[in-house]
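Please have the sequence and the model in view while reading.

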Amino acid sequence: MGKKIAILGDIHANIDALNVVLGDCASQGVTEFLCTGDVVGYNACPRECMEMVRSLDCPVVKGNHDHYVAAENLNLEDFNPAAAAVVRWTREQLDGDDIRWLADLPFTVTAKGMTVVHSTMDHPENFGYVFDHQQAETNFIQQKTPICFHGHTHCPMIYEKQMSGVFRIDPQEIHLKPGRKYFINVGSVGQPRDGDPRATYVIYDPAERLVTYRRLEYDIAAAQSRIRAAGLPERLAARLALGQ
Ligand code: ZN
């Protein structure tokens, strides 16, 4: 049995989901981790999630929410009031060391033929969304490795680049083929938005070139109570149950 790497992200301060995911990683024999960013934002346990992610001691890239919380001169006037409230609340929960850690995260990490980015390799600092072939094509121009893992949309999705063009593949168990490029959205641990509320991450086995999506039930009611107890916007609690 080959080495197994877990690729996870868009945790968004949801410790109930993260604990279930890490428990699953242990039972699946995962020994390495890559994090696609957005450790904080939306949910009520930024400190606990940061501590957990930092303890994995793995490559982590910067998500837009990590950036919002860490950026000193960010103008929150441009945000809708609920979003601004979460950014302010999250800042209050973290200490200076955590904020610095978020601020210092790189936009991309490349190792062993794989790249990790939060959004897209096309100007990663702009946090653009990839939902269609054109946007995937633009990413592939900048993607120098055969495999790139990302998140940001919170929707599991795979794009494959062949000689003849770019194709979208259902996010299921797939064997990656040599000579092609893959742009793999690993979904979201803490706030899935594809209509399935279960926590999502990916396991990659490099020897088998096998990508497997994992979907896990977790205690959504517990995460919702934490959001309400923290006084964060009700919509953030409601959407967890819907997977939106
Ligand atoms: Zn996100």
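## Around Y42

Apart from neighbours up to four places away in sequence, which are set aside, Y42 is in contact with H12, H65, V86, H154, Q191, R193, I227, L232, L236 and R239, where contact means heavy atoms within 4.5 Å. The model is a predicted one: local features need pLDDT of at least 70, side-chain atom pairs count only at pLDDT 80 or more, and totals for chains, interfaces and linings use all residues. Residues are numbered from 1 along each chain as its sequence is written, and side-chain values use heavy atoms, with hydrogens and water left out.

Y42 is found in the loop between β2 and α2; helices (H or I, at least four residues) and strands (E, at least two) are DSSP runs, numbered from the N terminus. With a relative accessible area of 17%, Y42 is buried. Buried means under 20% relative accessible area, exposed over 50%, and partly exposed in between, with a 1.4 Å probe and protein chains only. The side chain of Y42 makes a polar contact of 3.3 Å with that of H65 and another, of 3.2 Å, with that of R193. A polar contact is a pair of N or O atoms within 3.5 Å; within protein, one must be able to donate a hydrogen and the other to accept it, and residues adjacent in sequence count only if both atoms are side-chain atoms. G190 is 148 residues from Y42 in sequence, and their C-alpha atoms are 8.8 Å apart.

## The zinc site

The zinc ion is coordinated by D10 (OD), H12 (NE2), D38 (OD) and H154 (NE2), at 2.1 to 2.3 Å. Donors are N, O and S atoms within 2.8 Å of the metal (3.2 Å for Na, K and Ca); water is not among the atoms, so sites may look incomplete. The spacing of the donor residues in sequence is D-x1-H-x25-D-x115-H. H12 lies in the loop between β1 (5-8) and α1 (15-27), and D38 in the loop between β2 (32-35) and α2 (46-56), so this pair ties together parts that are 26 residues apart in sequence.

The angles among the four donor atoms run from 85 to 176°, and the site is irregular. Four donors count as tetrahedral if all angles lie between 85 and 135 degrees; four count as square planar and six as octahedral if opposite donors are over 155 degrees apart and all others between 65 and 115; anything else is irregular. H12 is buried, at 0% relative accessibility, and D38 is buried too, at 1%.

## The sheet

An open sheet of six strands has the order β3-β4-β5-β9-β6-β7, with mixed pairing. Two strands pair if DSSP finds at least two bridges between them. β3 and β7 (165-169) stand at the edges with a single partner strand each, so one side of each has no neighbour in the sheet.

Strands β3 (residues 108-111) and β4 (residues 114-117) run antiparallel and are joined by four bridges. V109 stands opposite V116 in β4. Two residues lie between the strands of this hairpin, where K112 takes a positive phi near 50°.

## K161 in strand β6

Five bridges join β6 (residues 157-162) to β7, and the two run antiparallel. K161 is found in β6 and stands opposite V166 in β7. K161 is partly exposed, with a relative accessible area of 26%. Its side chain makes a polar contact of 3.0 Å with the side chain of E137.
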